[in-house]
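These are my notebook entries from an afternoon with one chain. Have the viewer open and follow along.

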Amino acid sequence: MSVEYTELDGVALLTLNNPPVNGLGHATRQGIVAGVRRAEENPAVRAIVITGAGRAFSGGADITEFNTPKAVAEPMLGTVISTLEQCRKPVVAALHSVAMGGGLELALGAHYRLADAATQIALPEVKLGLLPGAGGTQRLPRAIGVERALRMITTGVAVPARQLVDTALFEHVVDQDVLGAALAFARDVGARNTAHPTLRERALPTGSTPSAALYQAAREHAARTMKGQPAPLKCIDAIESGERDGFEAGLRFERDCFMALVATPESRALRHAFFAERAAGKIAGVGTDTPTRDIRTVGVVGAGTMGRGIAMCFANAGVPVVLVETRADALQQGHAAIDQLYRGQVAAGKLATDQADRRLALIRPSLAYADLAQADLIVEAVFEDATVKQNVFEQLDTLAKPGAILASNTSTLDLNQIAGYTRRAADVVGMHFFSPAHVMKLLEVVRGAQTSPEVLASVMKLARKIGKTAVVSGVCDGFIGNRMIEQYIRQALFMLEEGATPQQVDQAIEAYGFAMGPFRMSDLAGNDIGWAIRKRRAREQPDLVYAKIADKLCELGRFGQKTGAGWYDYAPGQRQAQPSAEVEALVRAHAAQSGIPQRKLEDQEIVERLLFALVNEGAEILEEGIAARASDIDIVYLTGYGYPVSRGGPMFDADARGLAYVRDAILFFQTLPHGAAWRVAPRLARLADAGGHFNG
Ligand code: NAD
């Protein structure tokens with residue numbers, strides 16, 4: 001039964017019961033309407049209370065019914081809300097835990113609302129490129145005013161009910177037993193012989209700032225923070241329409257906007273990302289019933305760039321960490337750097353001093369490997385050198401307790417080989433964090449040939465606890481993300497040699513929506529990293545076509561921001577990239593020397609060569625089973641590489657363009673000066689021929 005009906009001393013109690021979050025699926029919507037009718041027909045019932053069972057009042061739409069006929073079957077949510085508003089007996093909503101999206105819109109249709117102070121209140125539709133389509137843009141402003149409604153609806157952020165206590169949204173905000181309070185309130189209003197208020201009829205509260213100024217400020221803010229996304233602007237238009245043209249016209253306008261937004265590529269991409277993130281948690285051979293191991297304490301080996309951030313990830317989630325180094329100076333430096341990062345967060349107002357102190361206290365520095373003996377998980381982040389890793393894993397094998405999970409943060413070494421340094425390969429897994437590890441959301445979980453399902457399930461669960469988006473990758477050089485980015489950077493370098501400048505390439509891809517172009521990114525990360533990789537590649541694959549220009553840049557010591565010069569010039573102590581005459585001269589001289597014909601590259605070519613390099617390698621990764629599904633690749637790029645969210649990730653983006661188009665473009669790139677670097681991936685070729693897609 002998705003809505004339970006009970007009568008308690010003259011009050012009909014409708015309890016939404018559609019786990020996990022009382023999504024408003026078809027049966028639930030029907031149940032509410034039926035419950036209201038039944039209550040109306042029974043003369044003994046004087047009032048109705050609606051609440052939610054379990055962990056939510058309601059989290060909104062039932063995502064399991066997305067894209068099914070049930071999602072659009074009557075009674076639609078708008079009809080349910082009208083039923084509440086038109087009910088002759090007072091309807092009281094009792095909110096607790098979560099009231100979001102359609103769940104909040106439902107509550108806005110009640111005559112009265114009470115809430116537990118901690119209830120998370122939100123209209124998050126904008127995050128899916130949509131707007132609240134069941135009156136949220138009309139009723140919320142009438143309850144809390146235009147200014148706050150604009151903020152909530154255009155950002156989608158959740159606000160605890162206690163922060164809305166001064167608005168007309170709630171009759172009462174209580175600290176406990178909201179249901180008891182709502183039943184008592186319902187009995188009271190049920191006994192009154194008065195008309196019951198609806199937000200539909202309520203006038204917009206007037207604030208101190210004229211709303212025209214609020215709309216303008218909101219539009220400017222949306223244009224800055226959600227560049228190129230139509231949804232936040234439509235949210236503003238809908239709120240404004242309700243004020244200017246009245247409730248009914250506003251409601252119709254909202255409906256039209258919703259229908260238009262559902263069809264936009266941006267909303268499709270955002271909805272894809274939403275489902276992709278959920279799908280990434282599903283792993284072949286690891287059922288939901290797979291047991292997991294408790295991870296109460298963690299060891300981190302190596303207090304360098306990565307080890308520091310990794311230790312912070314755990315401390316931030318309240319998990320005690322022992323941070324082990326072999327050298328006292330490195331340990332001291334690492335620990336001091338962590339302290340400084342926390343102080344920086346305090347100074348920026350992101351963290352309270354006592355919180356920072358508590359987190360720092362959870363990280364215990366040590367020079368003794370023996371201190372790792374009790375850790376449930378040990379993450380290795382030492383130098384990227386097979387001999388050093390071998391030494392570390394042999395020691396961990398001897399001293400870690402039975403059942404401890406041994407993880408490596410290696411970027412390029414073979415995880416199976418690392419597992420082979422131990423006698424417990426089933427307990428070895430890759431945890432590939434991204435720099436800075438305490439900030440970046442992405443975690444690639446590398447599944448070795450022998451990694452046990454239990455270890456994988458445990459690490460995936462832990463990833464959620466520390467706020468990471470985890471994607472499983474098979475073992476290969478670079479895993480999913482870096483293996484693909486290598487092809488992208490390779491193309492960026494070829495294009496320089498063919499006539500483009502670093503700033504032209506960066507600007508083209510940044511205009512497409514990337515957070516940072518390849519040359520600015522390289523300067524930030526350090527050009528010497530790629531140099532070391534290219535030297536290794538040159539040994540391993542002597543026939544590989546690659547652009548020598550980046551080596552020449554490194555030979556000049558232009559390693560990037562850290563040396564004050566890279567693909568760009570940097571004024572002392574500045575991060576602002578300035579086009580460099582020296583680099584321009586270097587590139588052109590190199591091209592002349594190498595006999596590469598020069599031409600002007602159009603931005604479209606630049607963008608497509610970069611994107612399709614990612615897509616083509618992604619297709620190889622799928623073919624090899626390194627990624628389980630195309631959407632996993634999309635998540636890697638959306639969360640770890642600054643791929644524009646409103647484009648859904650490289651594989652989704654390619655699907656949207658049409659795979660035949662992508663294939664034909666690659667066939668054309670093969671005719672260009674560095675054409676030998678391209679080979680259409682077999683999976684791309686097959687899908688293009690069949691008119692198929694990577695995703696679904
Ligand atoms: P780093 O050089 O900054 O730090 C390595 C630390 O390990 C040093 O402090 C060193 O003293 C310590 N160390 C060396 N041998 C040790 C041993 N036997 N026992 C304990 N400590 C030891 O390196 P990093 O950039 O932090 O990289 C660490 C690992 O993370 C590498 O495998 C790297 O490939 C990987 N990784 C790096 C990045 C990145 O952006 N830097 C990103 C993802 C993964």
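I began with an open sheet of 3 strands, whose order is β5-β7-β8 with mixed pairing. Strands here are DSSP runs of E with at least two residues, helices are runs of H or I with at least four residues, and both are numbered from the N terminus. Two strands pair if DSSP finds at least two bridges between them. I noted β5 (98-100) and β8 (159-160) as the edge strands, since each pairs on one side only. Between β5 and β7 (residues 120-122) I found 3 bridges, and the two strands run parallel. M100 has A122 in β7 as its bridge partner.

A note on the source: this is a predicted model, where local features need pLDDT of at least 70, side-chain atom pairs count only at pLDDT 80 or more, and totals for chains, interfaces and linings use all residues. Residues are numbered from 1 along each chain as its sequence is written, and side-chain values use heavy atoms, with hydrogens and water left out.

Next I looked at β10 (residues 298-301). Which way do its side chains point? V298 and V300 point one way, while G299 and V301 point the other way. All four are buried, where buried means under 20% relative accessible area, exposed means over 50%, and partly exposed is in between (1.4 Å probe, protein chains only). In a regular strand the side chains alternate between the two faces of the sheet. I then followed β10 to β11 (residues 321-324): 4 bridges join them, and they run parallel. V301 is bridged to V324 in β11.

β13 (residues 377-380) runs parallel to β14, joined by 4 bridges. Opposite S408 in β14 stands E380.

How far apart are the C-alpha atoms of D116 and E380? They are separated by 44 Å, and the two residues are 264 residues apart along the chain. Is D116 buried or exposed? D116 counts as buried because its relative accessibility is 18%. Contact means heavy atoms within 4.5 Å. Leaving aside neighbours within four places in sequence, D116 is in contact with residues including L95, H96, A161 and D175.

Not counting residues up to four places away in sequence, Q504 touches K600, L601, D603 and I606.

Last, I looked at the whole chain. I counted 27 helices and 19 strands. The radius of gyration is 29 Å, close to the 26 Å that the globule rule gives for 696 residues, so the chain is as compact as a globular protein of that length. That radius is taken over C-alpha atoms, and the rule is 2.2 Å times the number of residues to the power 0.38. Along the principal axes, the C-alpha atoms fill a box of roughly 90 × 60 × 50 Å. Of the 696 residues, 54% count as buried. Among contacts between residues at least 6 apart in sequence, 72% join residues at least 24 apart.
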